[in-house]
Amino acid sequence: MSDPQPEEKNIFQRIIDREIPADIVYETERVLAFRDIQPQAPTHILVVPKEPIASLEEVTAQHASLLGELLVAAAAIARQEGLEQGYRLVVNCGRHGGQEIPHLHVHLLGGRSLTWPPG
Ligand code: 5GP
């Protein structure tokens, strides 16, 4: 019997590890942000922790400062992108939340008037 294969890296981890290209707009020691490949608004950026956290379901109080950094990064990027008229942050969690990539990420959407509620 063959050895079990190591779990395959998800696409965001491969972007973080610079194995595949992305349009990176912001980076700190613990956070990376890049443009979504299928933008749903004129500005659509994904803000991700470099640490491999699959989703909000996994986070504990120990992640509080990192989660804060994600929001601080999103606000800085929104200023950088000139979104003075406002923007929206979205975190999809799990199947019902519509999460497709199992690596925690914050969507930053802006550049148009967004409707509410989401689908
Ligand atoms: P989720 O549904 O998990 O909240 O969002 C995943 C997002 O990742 C989607 O908006 C999708 O367009 C984006 N995405 C999927 N694959 C890639 C990729 O290879 N590169 C980039 N930049 N974005 C991706």
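By class, the shell around the ligand comprises 7 nonpolar, 6 polar and 3 charged residues, where Ala, Val, Leu, Ile, Met, Phe, Trp, Tyr, Cys and Pro count as nonpolar, Asp, Glu, Lys and Arg as charged, and the others, Gly among them, as polar. The model is predicted, with local features requiring pLDDT of at least 70 and side-chain atom pairs counted only at pLDDT 80 or more, whereas totals for chains, interfaces and linings use all residues. Residues are numbered from 1 along each chain as its sequence is written, and side-chain values use heavy atoms, with hydrogens and water left out.

Of the 16 residues around the ligand, Asp36, Asn92, Glu100, His105 and His107 come nearest, a residue being near if one of its heavy atoms lies within 4 Å of the molecule. Helix H1 (11-16) and strand E2 (31-35) each supply at least two residues of this shell, and the largest share, 3 residues, comes from H1; helices (H or I, at least four residues) and strands (E, at least two) are DSSP runs, numbered from the N terminus.

An oxygen atom of the ligand lies 2.7 Å from an N or O atom in the side chain of His105, while a backbone N or O atom of Ile101 is 2.9 Å from an oxygen atom of the ligand and a backbone N or O atom of Arg35 is 2.9 Å from a ligand nitrogen atom. Taken alone, the ligand exposes 520 Å², of which the protein buries 85% (Shrake-Rupley method, 1.4 Å probe).

The protein has 3 helices and 5 strands, running α-β-β-β-α-β-α-β from the N terminus on.

How values were computed. A polar contact is a pair of N or O atoms within 3.5 Å; within protein, one must be able to donate a hydrogen and the other to accept it, and residues adjacent in sequence count only if both atoms are side-chain atoms.
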